[in-house]
Every structure is written in structure tokens, then in C-alpha cells.
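Here are some notes for a colleague who has not seen this structure before.

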Amino acid sequence: MTGPTRSELVHGAARTPVAELVWREPSGSWRAATVLPLVHDDALRLALTADRTLLARSLAASRNVVLGLTDPRQAGRGWQPLVATGTVDVRFDAAGAWTQTAMLDQELRKSERSRRLADTPLRRREYWWFLPRWIVTLNDIARIQAVAPRAPADALLCWDWDGEFLTDTVAVSDWTADEPRLRSLTPRRSLPDVADALLFGHDRFLPEGEPERSVGAIGELSVDCFTVAQRWGEPGPPPPARLLQRMRAQHNLRLACQAALRRGELGEA
């Protein structure tokens with residue numbers, strides 16, 4: 001029986017509004033973030049705003065990455081959760097040429113924030129700072145794995161096995177515990193006895209998809225027990241954003257994007 005295909009991965013990415021991205025920096029430090037997956041020329045891509053320049057540069061320095069499509073909400077019927085491992089190519093599109101491709105239509109369908117800032121030519125001129133993007137392309141896909149869907153309280157688990165990233169979706173007994181118990185959500189699958197792993201979960205307010213809240217932990221995995229060495233974020237669903245909070249978030253995004261553009265941190269990663 002063959003595993004998931006690349007076309008199934010691309011099809012799944014086109015339908016889901018959120019994905020998990022996990023990688024390791026050259027220092028060995030784990031990193032994780034949520035991203036909006038896009039498809040262009042039959043390739044998986046990300047279009048990161050200028051305020052995520054440090055993230056883009058960290059990705060460019062990584063050897064390989066994990067892209068997880070594990071959240072079934074808003075994906076529609078027939079969608080299946082998948083996790084892919086590959087390398088990335090990172091380039092900066094200062095002119096916002098990505099808006100001339102099908103990626104803009106996908107982003108407008110998936111992102112309420114993008115609809116507020118880029119759904120018309122007038123808005124794209126007014127919010128010009130939103131359009132320059134780091135375009136991240138997932139290349140050299142080495143592994144595509146089927147996993148069980150992840151509920152908001154669950155996590156994507158990644159561990160390093162002799163330089164290769166392996167993954168699963170897991171239920172976490174208590175995100176605040178120092179040694180939470182883990183249970184694989186994938187039928188007939190048990191967790192390995194390895195060290196050096198990462199847990200990453202996220203939730204968002206629906207139907208808008210904003211705001212978003214993520215939680216993560218780095219530590220040692222021993223079968224079904226995870227010993228936390230470092231944690232970040234806050235578990236639980238985010239509250240709906242009030243109008244003033246939305247305005248403040250947009251203001252902060254504008255300042256961060258414009259600051260990155262002024263500093264000249266862009267160009268080739």
C-alpha cells in the first residue's frame with residue numbers, strides 16, 4: 001500500500017487556512033510557527049509579511065523543515081491530515097509580484113486580515129507595506145506522512161531521529177505540567193523512546209480565524225512521557241478580538257512591516 005502523494009499534499013494545502021511549520025536552526029534550536037499555506041505552479045509556498053523577516057532568515061538557514069496540515073476545521077469534506085518534510089527556498093519579493101498570481105486569491109479566501117488589507121487595488125495601494133513578502137517554497141519533499149487530525153488542545157509532535165524529522169499528532173494530558181503524558185492520535189501507532197523533541201499546538205477564533213494563540217514545548221520524549229525543558233505560549237482558545245484590539249493589531253503590524261522595510265533587512269536570505 002502506497003503512502004500519500006505529493007498531489008494529495010498540494011491539494012490539502014490549497015484547502016486548509018493554517019499549517020504548522022517546524023524547523024531547527026544551525027545551532028540546533030527548535031523553532032515552530034503557524035503559517036498560511038498557498039499553492040502556485042503546483043508547489044507549496046508561503047508568503048510571509050515583512051515583519052516576519054527574522055523567521056524567514058531562520059528558515060533560510062535551516063537544513064530541512066516540517067510542514068503539517070493537521071487542523072481539519074474549515075478544510076471541508078474529503079480532506080486528510082498530512083505532514084511533509086523537505087527543504088525550503090526563501091526569496092524576497094519587494095514589489096509584491098506574488099499578488100499577480102493565484103496566491104492572492106487563495107490568501108483572500110483563507111485570511112480575514114488579508115481581505116481587510118488587500119482585497120481591492122485601492123486597499124493594496126493604501127496598505128502597500130502589507131504586500132512585500134518573503135516567498136518560501138517547499139522543495140525536495142522527502143517524506144509525506146498521514147496522521148490523525150489534531151483538535152485544538154492536541155499537538156503536533158516532532159522528534160529528531162539521526163538527523164531526520166519524524167512526526168505524529170498527539171493528545172497532551174496537561175500543557176502546564178512539567179511531565180505531561182502523550183498519546184498518539186494515529187491508530188495502532190506508539191510513540192518512540194527518544195530524546196530531543198518538540199510539541200506544538202495552536203487554536204484560533206472562528207469563523208474569522210483571528211486572533212490566534214499557540215503553545216509549545218521543547219524537551220525529552222520517553223515513550224508516552226514528555227519532560228519539558230522549555231515552553232512558550234498559552235493553552236486554550238483565544239477570546240474574540242474586539243474592534244479596538246483589531247485596530248491595535250493592524251497598527252502594530254504596519255509599524256513592524258515598515259520598520260523592517262526601512263532597516264533594509266530584506267533582499268536575498
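**Notes on the model**

1. Burial. The model is a predicted one. In it, 49% of the 269 residues of the protein count as buried.

2. Secondary structure and overall size. The protein contains six helices and 13 strands. Its radius of gyration is 18 Å, close to the 18 Å from the globule rule for 269 residues, so the protein is as compact as a globular protein of that length. Along the principal axes, the C-alpha atoms fill a box of roughly 55 × 40 × 40 Å.

3. Contacts along the chain. Taking the contacts with a separation of 6 or more, 66% are between residues 24 or more positions apart.

4. In soluble globular proteins, nonpolar side chains tend to be buried together. Here the largest nonpolar core has 28 residues, and Leu21, Leu44, Leu48 and Leu59 have the most contacts inside it. Among the elements that give two or more residues to this core are helix 1 (6-15) and helix 2 (53-61).

5. Leu44. Which residues does Leu44 touch, not counting those up to four places away in sequence? They are Leu9, Val10, Ala13, Leu38, Val39, Leu67, Val136, Thr137 and Leu138.

6. Charge. There are 35 positive and 34 negative side chains in the protein. The centres of these two sets lie 6 Å apart.

Notes: Residues numbered from 1 in each chain as written. Predicted model: local features only at pLDDT ≥ 70, side-chain atom pairs only at ≥ 80, totals over all residues. Heavy atoms only, no water. Core = buried A, V, L, I, M, F, W, Y, C linked by side-chain atoms within 4.5 Å. Buried < 20%, exposed > 50% of the residue type's maximum accessible area, 1.4 Å probe, protein only. Helix = DSSP H or I, 4+ residues; strand = E, 2+ residues; numbered from the N terminus. Contact = heavy atoms within 4.5 Å. Rg over C-alpha atoms; globule rule 2.2 N^0.38 Å. Lys, Arg positive; Asp, Glu negative; His and termini not counted. Charge placed at Lys NZ, Arg CZ, Asp CG, Glu CD.
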